[in-house]
Amino acid sequence: MTRQRRDPRAERAAHRLGGAARPRFDLAATPTLSTRLHRDPRAETNQQLVPGTLRRRLDRTQRVASVMPAVAAAPVAVAEAAPRLRLIAEPAFLVAVVPDVPGGRLTPHDRQVIGAARLLADDGGGAVIALVEAPSEEFGAAGIDRVLALPVAGYDPEAKAEAVAAVLDGLSLRHALFPDSADGGDLARRVAALSGAALFAGAESLSTKAVTRAARARKAEQRRAPPRLIALAADAVAPHAGTLHEAATLDFTFPPRAPSAVLAAAFIPADPATVALAEAEFVVSAGNGITDFDAFRALVTALHATPGASRMVCDAGLMPRAAQVGASGTVLTASCYFALGIAGAPQHLQGITGCEHVVAVNTDLHAAMIERAGLAIVADAQQVMPALLRLLAGEDA
């Protein structure tokens, strides 16, 4: 290929007009030696416009046609890659996880404990086994390789501890991890008492070479090798993400249980209307957009939730100060937070940082609470409340 060289002097002479002392140039004249094609941005934009729409928007899925003579390339369809399934047929050892699984679903704390078990199992070709009452579809994505169903019906912590201790010895588990929660921490201590193994409770960090927890005088206690029984605190290890595991069912023969002195055990839930906000699981809050507090209290009762309020409502005396949610009130750790007529001040959003699910009702589409919510209803809360009450009563909205 031979490239023709430009002659700037010849191009300049082609633009000259007349022979005056101060020459003028014809800028509209096309250079004789230039072969460069100029782009037309307006034509390229028109090719990107979506036809037949009142509001002209650019269709960025189509490629801009090149000004050079070439064959237009067809748009390439990008398919979403499915998560890779990892199978561990013959694990070198087993690491057990005993999650809380309230209501049959994994909590964020449970997922963090599974992530810690995954960290210990991957160092040496091990597998993670979940000891639960019933399997769940979430286990594979959470990082579980095996699932073993415990012969426990209902709330029976003594029977559950005996079953976990039997699996601990029967399968020669290298580690058993528990969430250091109200139920998980109690179960971990029961298993430690039955098996005689030392329990490392309140672990704040964990790796394959060390595990630490807080000690007195703002010090940290560190153990070089992770012990057999570990109760992990919240937000200590990141949950597992990415690889999909098989979560296959594992059979195990449990020894017959000796007669127990406990005849019956039952879990009695607390009254959500009187439970403290810091311990509530489902909170429904009223904001400045609520004027009918009789309907608000009726909705809270129908939803079996704990009432809350914003600072402006509490300052006005419409709700007690103990119901205030926010950095200057109560910081929540609820599973679900239902905000009615709350715009979402910064101090209020700080108080719901630990909530897993947020539902908001507000007339302002651009409110901060609408942006924070996982499910938002852009409507007047005064009209949404009676509609929800009719739905809960079985009537047509």
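Predicted model: local features only at pLDDT ≥ 70, side-chain atom pairs only at ≥ 80, totals over all residues.
Residues are numbered from 1 along each chain as its sequence is written. Local features need pLDDT of at least 70, side-chain atom pairs count only at pLDDT 80 or more, totals for chains, interfaces and linings use all residues, and side-chain values use heavy atoms, with hydrogens and water left out.

Start with the whole protein. It has eleven helices and 18 strands. These are DSSP runs numbered from the N terminus: H or I of at least four residues for helices, E of at least two for strands. Of the 397 residues, 35% are buried. Buried means under 20% relative accessible area, exposed means over 50%, and partly exposed lies in between (1.4 Å probe, protein chains only). Residues 24 or more positions apart account for 57% of them.

Next, helix α7, residues 293–302. Its buried residues are F293, A295, F296, L299 and V300. Why do they sit on the same side of α7? They cover an arc of only 155° around the axis, and that puts them there. The arc is taken from the directions from the helix axis to the C-beta atoms. An α-helix has 3.6 residues a turn, so residues three or four places apart point the same way. The face turned away from the buried side carries the exposed residues D294 and T301. The cover over the buried residues includes strands β14 (282–286), β15 (306–309) and β16 (336–340), along with helices α8 (311–315) and α11 (381–392).

Both ends of α7 deserve a look. At its start, a side-chain oxygen of D292 reaches to within 3.4 Å of the backbone nitrogen of D294. Just after α7, H304 takes a positive phi of about 55°.

Turn to empty space. Rolling a probe the size of a water molecule over the atoms shows where it is left. The largest pocket holds about 1,900 Å³. A pocket here is an open set of points on a 1 Å grid over the protein atoms alone, where a 1.4 Å probe fits, with protein on both sides within 12 Å along at least five of seven lines; lining residues have an atom within 4 Å of a point. Points are joined across faces, edges and corners, and the volume is the space filled by probe spheres set on them. The lining of the largest pocket counts 50 residues, and D100, P102, T107, D183 and E281 lie nearest the centre. Helices α3 (108–121), α5 (157–170) and α6 (182–195) are the elements that give two or more residues to this lining. The largest share, five residues, comes from α6.

A236 lies in the loop between β11 (229–232) and β12 (244–245). A236 and E204 are 32 residues apart in sequence, yet 5.0 Å apart in space, C-alpha to C-alpha.

F252 is in the loop between β13 (248–249) and β14. F252 counts as partly exposed because its relative accessibility is 22%. Beyond neighbours within four places in sequence, F252 is in contact with L148, A166, V167, G170 and L171.

R213 sits in strand β9, residues 211–214. Is R213 buried or exposed? R213 counts as buried, at 19% relative accessibility. A polar atom of the R213 side chain lies 3.1 Å from the backbone oxygen of A201.

Technical notes
Contact = heavy atoms within 4.5 Å. Polar contact = N/O pair within 3.5 Å; in protein donor to acceptor, adjacent residues only side chain to side chain.
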